[in-house]
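Me: I would like to go through this structure and ask what stands behind the terms used for it. Please set each value against its criterion.

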Amino acid sequence: MTNWLIKGARPYGGDAVDILVENGTIAAIGESLSATGAEVIQASGLVALPGLVDLHTHLREPGREDAETVETGSRAAALGGFTAVHAMANTDPVADTAGVVEQVWRLGEQAGLVDVVPVGAVTVGLKGERLAELGAMADSAARVRVFSDDGHCVSDPALMRRALEYVKAFDGVVAQHAEEPRLTTGAQMHEGDRSSRLGLAGWPAAAEEAIIARDVLLAGHVGARLHVCHVSTAGSVEILRWAKGRGVQVTAEVSPHHLLLTDACAEGYDPVFKVNPPLRTDVDVEAVRLGLADGTIDAVATDHAPHAVEDKESEWAQARPGMLGLEQALSVVIETMVDTGLLDWRGVADRMSVRPAAIGRLAGLGDRSQGRPLAPGEPANLLLLDPATRATVDPAALASRSRNSPYAGRELPGRVVATFLRGEATVLDGKAVR
Amino acid sequence: MKRHLLEAADLDRADATLVLDTAGQIDQALAGREVKKLPTLRGRAVVNLFYEDSTRTRISFELAAKRLSADVINFSAKGSSVSKGESLKDTALTLEAMGSDAIVVRHGSSGAPHRLATWVRGSVVNAGDGTHEHPTQALLDAFTIRQRLGRLEGVRVAIVGDVLHSRVARSNVRLLHTLGAEVTLVAPPTLLPVGVGSWPAEVSYDLDAVLPKADVVMMLRVQAERMNASFFPSAREYSRRYGLDARRMGVLADDAIVMHPGPMNRGMEIAAEVADSVRSTIVEQVSNGVSVRMAVLYLLLGGSPA
């Protein structure tokens, strides 16, 4: 195993120091370190952050390997600075049994580029009718702790209550895709001025907020953990703030695209901008940024959703919802949160590594831990970032197998120069090692 | 004029007026002719690409293109492109490769003509897309109003009915506003889109309050599938509150006209005696549709003057 001496990096954007990585662990952090046999990386000017943890990734394997595989998605993640991703359950077959989650977990181990942490479905086949064998998935080699029917809402309130209660037995959490299905039948974009003009069926903010309000009440009632996926509206942030104030064990995530883009992108009907929940208004973008800044929203989660060309190169209504996110997530956070003064680098590490790892219960796994601080003795999961470089996003240059990036042609700041997973370089000089 | 006609907002006041004036000139040029045909678009190919059944709009476009001596190809692709198997893009590229100069497209999905316009070099004319727009319907409506009332500036138009799902309403609101008319939308609140407040139109829930001040009453078709989705309690209640019957027609100003884009539900949104009255422009709208669509094709394809 290669040992690394990283010279002159700035942990959390602080003073330049050297970081010595030995045997997969951060051995020392300090000035003028030296080590014989270690490979030296000149990192002056680069910010060092703990490896990012994504709570919400669609890797599409098994079932849609034409759109993404565990390996290609892992590579995209590593290039984005991630060392762990939670693989969503809406594969084909659905990840609703121990067998499927173990398969995904093993594919992740084989790829070896990030820790692939399977998410288990809450209900059999994502149908929202009866609970999947949540305990079997929790006890499997995949060690599932996050359960989600993402793509579908667990809309039956009694079933949601039972799921919240049941996963307490193994310290699990239900990650809810908050979408009242009766209010969003046929919905295509955020319901408001633009949808009225574009003639696209509206997805009202209230359809998200109503479910979040219901679920925080349920979680509070049964004393269970609730996680809210891809919060997109100002009203949702308010409800979460209220619930947290009352001591409800609720956490929430926001996707990069909801931090940056608005429903104005739907003008022109290019389905690359179709996503669920939909892009919202300027007011909502401002609210989720402030919610992320003050911690009401705990984490940035990519909702990386690769789609084959034919599933996007169509009429808006026929296109599948979802957009790529892994490779640009950190850049979008820099643009929307760091450059605006809303978060410092410690804040970025908190929202993109520490808290998501805590929600997924990944921080206490010994040398397999994620979301740990940059400190001697910790697993060497880290990234080196050039925050100043700006580059224009070229979908053709992405490592993802798909090309549906909403940032195509957009200039964004920040370049991940290197990523290390337990001391193994997965990215060097901004390129995937393998 | 822009290269495509995708929505009413593609036309500024000068463009829209040019289309109406051109339609009028075409009418004059054809009046009294034995052979109702102009040689303007000889050798040009116009494709009618219809993903929805719409006999009247397709025939109107077909006749318009034929009267301009264009070659017309009718491509009927019922159902969505996805269920049919071939994508909209592949269909578009196929038609383009066959040498089409213009594609007239009717599609059940809002924005389909916009997508089409990004894939082809020829002109795209929106003949109705989902619940978005139907710009040539708005042009023929404006033409009809101007023909009957002699002006558009300051004309008070009430558009009544299912505004939420109506592409006719969206195009008319935009175009009539561009041309200086004053539009009031009248509907139960369930059939108005959230966001209608941003449209250049007044909104009312009370048809009886609006009618005495209207110069034009445009009735929209109420689709049968709305009946069972709680947009309103029953067809009878809808008809009582928002239908145009003989009693309501009685409160209209003397020269006010009644329009309907068709096909009508007689007895639902419009009573038979209203549809068949002298105020009704429904038949004129159909014949004006051909002239206006001729003008659109002529201006977009830049044929030499007749």
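**Terms and their grounds**

Reply: To begin with burial, 61% of the 434 residues of chain A count as buried. The model is a predicted one.

Me: What makes a residue such as Pro395(A) partly exposed?

Reply: Pro395(A) has 17 other C-beta atoms within 10 Å. A residue is buried at 20 or more and exposed at 12 or fewer. Pro395(A) is therefore classed as partly exposed, since its count of 17 falls in between.

Me: Where is Pro395(A) placed, and which residues does it touch?

Reply: Pro395(A) sits in the loop between E16 and E17 of chain A. Leaving out residues up to four places away in sequence, Pro395(A) touches Arg403(A), Ser405(A) and Ala408(A). For Ser405(A), which is 10 residues from Pro395(A) along the chain, the C-alpha atoms of the two are separated by 6.2 Å.

Me: Why does the radius of gyration of chain A agree with a compact globule?

Reply: A compact globule of 434 residues would have a radius of gyration near 22 Å, and chain A has 20 Å, so the value agrees with the rule. The C-alpha trace of chain A spans about 65 × 45 × 45 Å along its principal axes. Among contacts in chain A with a separation of 6 or more, 74% are between residues 24 or more positions apart.

Me: How many helices and strands does chain A have?

Reply: Chain A has 11 helices and 19 strands. Five of the strands form an open sheet in the order E9-E10-E13-E14-E15 (chain A), with parallel pairing.

Me: What makes E9 and E15 of chain A the edge strands?

Reply: Strand E9 (146-147) and strand E15 (299-300) of chain A each pair on one side only.

Me: How do you know that strands E13 and E14 of chain A pair?

Reply: Strand E13 (residues 226-228) and strand E14 (residues 250-254) of chain A are joined in the parallel sense over three bridges. Pairing requires at least two bridges, so the three bridges between E13 and E14 of chain A meet the criterion. His227(A) is opposite Thr251(A) in E14(A).

Me: How is chain A divided into domains, and what does the contact between them consist of?

Reply: The division comes from an automatic or database domain assignment. Domain 1 of chain A covers 4-47 + 377-432, and domain 2 covers 51-368. The centres of these two domains, taken over C-alpha atoms, are separated by 25 Å. Their contact takes 30 residues from domain 1 of chain A and 42 residues from domain 2 of chain A. On the side of domain 1 that touches domain 2, the elements giving two or more residues are strand E16 (382-392), strand E17 (411-421) and strand E18 (424-428) of chain A. E17(A) gives the most to that side, with six residues. By class, the residues of that side of domain 1 of chain A are 18 nonpolar, 10 polar and two charged.

Me: How many residues make the contact between chain A and chain B?

Reply: Chain A gives 18 residues to this contact and chain B gives 23 residues. Helix H5 (residues 193-198) of chain A supplies the largest share of the chain A side, four residues. That side has five nonpolar, eight polar and five charged residues.

Me: What are the domains of chain B, and how far apart do their C-alpha centres lie?

Reply: The domain assignment of chain B gives domain 1 (8-133 + 286-301) and domain 2 (135-281). Their C-alpha centres lie 25 Å apart. The contact takes 24 residues from domain 1 of chain B and 18 residues from domain 2 of chain B. On the domain 1 side, helix H1 (13-30), strand E4 (123-129) and helix H12 (282-301) of chain B are the elements that give two or more residues. That side of domain 1 of chain B divides into 11 nonpolar, seven polar and six charged residues.

Me: How do you know that E5 and E6 of chain B pair, and which hand has the crossover between them?

Reply: Strand E5 (residues 156-160) and strand E6 (residues 182-186) of chain B run parallel over five bridges. With at least two required, the five bridges qualify E5 and E6 of chain B as paired strands. Val160(B) stands opposite Val186(B) in E6(B). The chain goes from E5(B) through helix H7 (residues 167-178) of chain B to E6(B), a β-α-β crossover that is right-handed.

Me: Which residue of E7(B) is the bridge partner of Val186(B)?

Reply: Ser204(B) is the partner of Val186(B) in E7(B). E6(B) and strand E7 (residues 202-204) of chain B run parallel, joined by three bridges.

Key: Residues are numbered from 1 along each chain as its sequence is written. Chains are lettered from A and ligands numbered from 1 in the order in which they are written. This is a predicted model: local features need pLDDT of at least 70, side-chain atom pairs count only at pLDDT 80 or more; totals for chains, interfaces and linings use all residues. The radius of gyration is taken over C-alpha atoms; the globule rule is 2.2 Å times the number of residues to the power 0.38. Two residues are in contact if their C-beta atoms, placed from the backbone, lie within 7 Å. Ala, Val, Leu, Ile, Met, Phe, Trp, Tyr, Cys and Pro count as nonpolar, Asp, Glu, Lys and Arg as charged, and the others, Gly among them, as polar. A crossover is right-handed if, with the strands pointing away from the viewer, the path from the first strand over the helix to the second runs clockwise.
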